[in-house]
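Thanks for coming. I will go through a few packing details, starting with a pair of helices.

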Amino acid sequence: MTTKKEPIWIARDLAKCSGCRKCEIACSLFHENRIWPEASRIRVFMLIPGVDFPHFCAQCEDYPCVEACPVDALSVDSKTGAVLVDKEKCTGCAQCIDACPGRVPHMHPKEKIILICNLCDGDPQCVKVCQEGAWNVLKTVSRKNYAYKLYARTPDEITRDLAVKIYGEIGKDFI
Amino acid sequence: MIFGYAGKFLEVDLSTEDIKETRFDDDVLKEYIGGRGLAAKILWNRLGSRWETVDPLEPENILLFLTGPLTGFFPGGRICVSGKSPQSNGVVGSTVAGEFGIELRCAGYDGIIVLGESEKPVYLFIKDSDVEVRDAGHVWGKDAKKTVAMLTKECRELLKSRFPRYGEWKEPAMLYIGPAGENKVRTAVVAAKWTHAAGYGGYGAVMGSKKLKAIAVKGTGPLPEVADMEKVKKLMQRVCEDVYEEELWRRWGTGAAGYEVGAKTSSEPIRNWQEEWHDDKSFGVDKFENRFWIKPYWGDFGCPTTCLKVAMVKDGKFKGAITDNPDYEMQAYLGPNLGIFTPEENVFLVSLIDDLGLCGIQTGNVMGFAAELFQRGILTREDLGGLELKWGDAEAFAALAKKIAFREGIGDLLAEGTYRAALKIGKEKNADLLSYAVQSKGVSIGAHGIRSGKDYPKIISYACSVQGGDHTSTAGLPLDWGGSELMEIFNDSGVYCNFNTFGVPRNVRFQFYKAVTGLKLTRKEWCYEKALRVLQMQRALLLLGGPDLKWNPKIHDDNPSRFYEPLPSGPYKGKTVNRARFQKKKKEYYEAVGWDENGVPSSEVLRRLGLDDVDRTLKKLR
């Protein structure tokens, strides 16, 4: 665990995810004051039962989404390292989705703005509930590594990998 | 409009493909809340006057999928499936865990009312207010895993093509049936997520009779607005903290009970309840944990318990079998009840039962019944289509489960469930076989016996329940006791998982109800008025019954005769249910809930509860 003063990263151990979706609940309560799974910045996918995992921003070191934004609506928070969305500027053009190697950003279901994890200004609520319940899928660490971008994978790719890890060879049959 | 409700229900007539939105008055929602309570009300209003003639497996039956105001808020999301039950001919509120109720509420609906019958196999696809009836010809006949894979892929592709700029689409939540439901097997389930099932009631058969293979729903809105979000957040945290403290259910789910309920409380079905005690350490939870659990915590929306554990057999003859835990009921009914004490064989059978869309409790019970008839020479190898149905032979039971799911040979009779099978086979064999049928009102009894007196159900629990053998809805006194059927009606009407109420003070659920809806509800008001009203309606519909069977309380408000046989083994050897004591307790229960000496709700109690129409209809039973 880290204090809030330095750039952080949410380390993730996806295969451990219980699929309880408490991260979605915590995220949407914090940002929307509603329980709203589709407006959560972290979303649990379960394309195969038992293969549940949270899908959220990997905070790539070169921030391809920020680069791709045609209206400068995205920026990097110098304090936390998070990607920030300027609601006023964002037009919901979806170019950041295509720029993201993991197609992580998604549209707000009601407003025409993109949703990307902002690390809750350094105190991620999803990590809190995951730790409270001792599932420990998510953990806040200080931002040191350069391999983070590798975690930006599409839900389908992660599913394929985890399915085989969890169910072995027959995991492929369930896709 | 009351807080905590999406405010509308989806009503789909499969005969005409007519789709509309239905609303209920606030007064109805205040009285019946949702889920099981509302199901009783809807069914009474729409079918009550001609209930006895409604065949549960004909188009006139109504199939309900109902959430409650607490769905998604009280930790542990569920949905309540109901209708006229093809098992009891009454109403069973049968809940199944998963995200379906949450997605449905996020799509703007509190429930789905399905009428009629489609000509060809279909599934419903709901994306917010877009609702369509789609062809399911390609998934008809497919097992659970293939159905889930094919429809998940198809629905995600639809979403992607229709909303290409949304980003990646999560899977919609899905309820579906397997081959057993398609073949109108009365022990078929409405299932979710491979292993989750609404089993009691047999609503998989109702779904099959309507040729409705599945419902997939994706809702992009928030859960309904609540009266006091700060309070809701506090209560959610409160329930979670109590659960974390408890630890037991988190660690093992109910998986420790396959050994414990046999060895300690001596109340586990063994060889069709001929015994209830075993001390077979080969069936220990550590064996399941160490050999099969590939995911130690698996759960559903908002659940702090995550009591499920994904299990997979990785070597040997049953390699590739996958299920959860198995939980206690599946361990018991597809284990010791069939003379099976080998964990591998248990996981294999549970996995198969999931794939076929069968209920492990009801089907494990009817297979145990068949095996006892084989043991006694009443059913022969020829009757069983060449099967040697010996206790402990997992592959023979697997073959029998397939016969049941596809209604082949003897399977066609056993597919009627234990009670009806006992009548039908008894007629063929010219013998009274009901003494081997361990059920109540057509519903096989959950895997918690009453003879030792050491388990939670009491001697009237099943005999007086309005949901028969349902171990999650047992009758008992006092009426406002945590384990009484009236408190279970709250769980099933608020619609959340009752496992997250263990270790949580029983009033927390009413505080939750107030924080969500803004309406005050006391335990007393619930147990002595509102829930009692639901209970009377369920009782009335159960006694009206029909068309193939009717229950006479004098005969059928009783335990299966097996429970009057002394336990033959174990620390409580010789113990049994005392008939005089049972009659006394039953009388006390009748008096407490206001049923006359014939077991029919009295005019007095019905009128006090404002159920004058029920009173008029029940005149013919008095």
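At what angle do H1(A) and helix H4 of chain A pack, and how far apart are their axes? The angle is about 145 degrees, and the axes are 8 Å apart. Axes here are lines fitted to C-alpha atoms, for helices over the stretch in contact, with angles running from 0 to 180 degrees between N-to-C directions. Helices (H or I, at least four residues) and strands (E, at least two) are DSSP runs, numbered from the N terminus.

A word on the source: this is a predicted model, where local features need pLDDT of at least 70, side-chain atom pairs count only at pLDDT 80 or more, and totals for chains, interfaces and linings use all residues. Residues are numbered from 1 along each chain as its sequence is written, and chains are lettered from A and ligands numbered from 1 in the order in which they are written.

H1(A) contributes Lys22(A), Cys23(A), Ala26(A), Cys27(A) and Phe30(A) to the contact, where contact means C-beta atoms, placed from the backbone, within 7 Å. From H4(A) come Gln125(A), Cys126(A), Lys128(A), Val129(A) and Cys130(A).

Next, the chains: 37 residues of chain A are in contact with 36 residues of chain B. On chain A, helix H1 (22–32), strand S2 (43–48), strand S6 (106–107) and helix H5 (155–167) each supply at least two residues of that side.

Last, chain B has an open sheet of 3 strands, ordered S13-S14-S15, with antiparallel pairing; strands pair if DSSP finds at least two bridges between them. S14(B) and S15(B) pair over 3 bridges, and Ala311(B) has Thr323(B) as its bridge partner.

Conventions: Two residues are in contact if their C-beta atoms, placed from the backbone, lie within 7 Å.
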